[in-house]
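Have the structure open in your viewer and follow along.

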Amino acid sequence: QKKPEQVYDLYIMSQCPYGLEALVSFRGFVEAFPELEWNLWFIGTVESDSSLTSLHGEGEVRDEMLWLAVKELYPDKWVKFIELCSEELLNSSVAVADLGLDKDKIEKWINAKGRSELAYHYTRSKRLNINASPTLLINNSPYKGQISKLRLGKIECAQKSDGPAFCD
């Protein structure tokens, strides 16, 4: 397997309207470049007592653990899940129900691994000094432009002589 030329890391808060809007555009870009390496990260804080806090409160912390559970347990439904949560603006619990995912299985995962997995995301965003939703890094360098399929596509097409049809 060849190594991707670029890695795209999008940092958001799951209940931030700007983050969700960026996620919609970012998903369009990712769809146009299926071989792309990309990650979605959450922004928050691990407090000194090891509790997790996020700008939009405990509900957002809980929501982000649910997103991580879906990504881990249902990787084949992950993209559809984030589409429902960002494009359709469905509550994540409604998205889980719409996709027919096992709520009990998700709840078990959240109870077992949710806090530690989300703490990893929050620690990473803090270490990189990321606190604005959305923030996009390309190969760990901040991208200052607008997060849109067209703008990101131009960057990606410039890297490839044999890009996908989108580059034409």
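## E83 and its partners

In this predicted model, E83 has a relative accessible area of 17%, which is under the 20% limit, so the residue counts as buried. Its side chain forms a salt bridge with that of K80, at 3.1 Å from N to O. Both residues belong to helix α3, where they sit three residues apart, about one turn of the helix. K80 has a relative accessibility of 37% and therefore counts as partly exposed. Salt bridges with shared partners bring R27, E31, K80, E83 and E87 together in one network.

E83 also meets R27 in a salt bridge, with 2.9 Å between N and O. This pair links distant parts of the chain, since R27 is in helix α1 and E83 is in helix α3 (residues 78-86), 56 residues apart. Both R27 and E83 are buried.

## R27 and E87

R27 takes part in another salt bridge, this time with the side chain of E87, at 2.8 Å from N to O. E87 is in the loop between α3 and α4, while R27 is in helix α1, so the pair ties together parts that lie 60 residues apart in sequence.

Taking the whole structure, a search finds six salt bridges. In general, side chains of opposite charge can pair when their charged atoms come close.

## Aromatic rings

A pair of aromatic rings is described by the distance of the centres and the angle of the planes. In this model the count of aromatic pairs is 10. One of them joins F29 and F33: the ring centres are 5.3 Å apart and the planes make an angle of 50 degrees, so the pair is tilted. F29 is buried, at 0% relative accessibility, and F33 is buried too, with a relative accessible area of 0%.

W41 and Y120 form a tilted pair as well, because their planes are at 50 degrees, with the ring centres 5.9 Å apart. W41 is in strand β2 (residues 37-42) and Y120 is in helix α5 (residues 103-127), so this pair ties together parts that are 79 residues apart in sequence. W41 is buried, with a relative accessible area of 11%. The face of W41 also has a charged neighbour: R124 lies over it, at 4.0 Å from the ring centre.

Ring pairs also build a cluster, which is made up of Y8, F26, F29, F33 and W38.

## Strands β1 and β2

Which way do β1 and β2 run relative to each other, parallel or antiparallel? Strand β1 (residues 7-12) and β2 run parallel, and six bridges join them. Here Y8 stands opposite W38 in β2. Between the two strands, the chain passes through helix α1 (residues 17-32), and this β-α-β crossover is right-handed. Y8 and W38 are also members of the ring cluster.

## S92 in helix α4

A last stop is S92, which lies in helix α4 (residues 92-98). Its relative accessibility is 5%, so S92 counts as buried. Which residues does S92 contact, leaving aside its neighbours within four places in sequence? S92 is in contact with D63, L66, W67, F81 and C85.

How values were computed. Residues numbered from 1 in each chain as written. Predicted model: local features only at pLDDT ≥ 70, side-chain atom pairs only at ≥ 80, totals over all residues. Heavy atoms only, no water. Phe/Tyr/Trp six-rings, centres within 6.5 Å; stacked < 30°, edge-to-face > 60°. Buried < 20%, exposed > 50% of the residue type's maximum accessible area, 1.4 Å probe, protein only. Helix = DSSP H or I, 4+ residues; strand = E, 2+ residues; numbered from the N terminus. Lys NZ or Arg CZ within 6 Å of the ring centre and 35° of its normal. Contact = heavy atoms within 4.5 Å. Pairing = 2+ DSSP bridges. Right-handed = clockwise from strand over helix to strand, strands pointing away. Salt bridge = Lys/Arg side-chain N within 4 Å of Asp/Glu carboxyl O.
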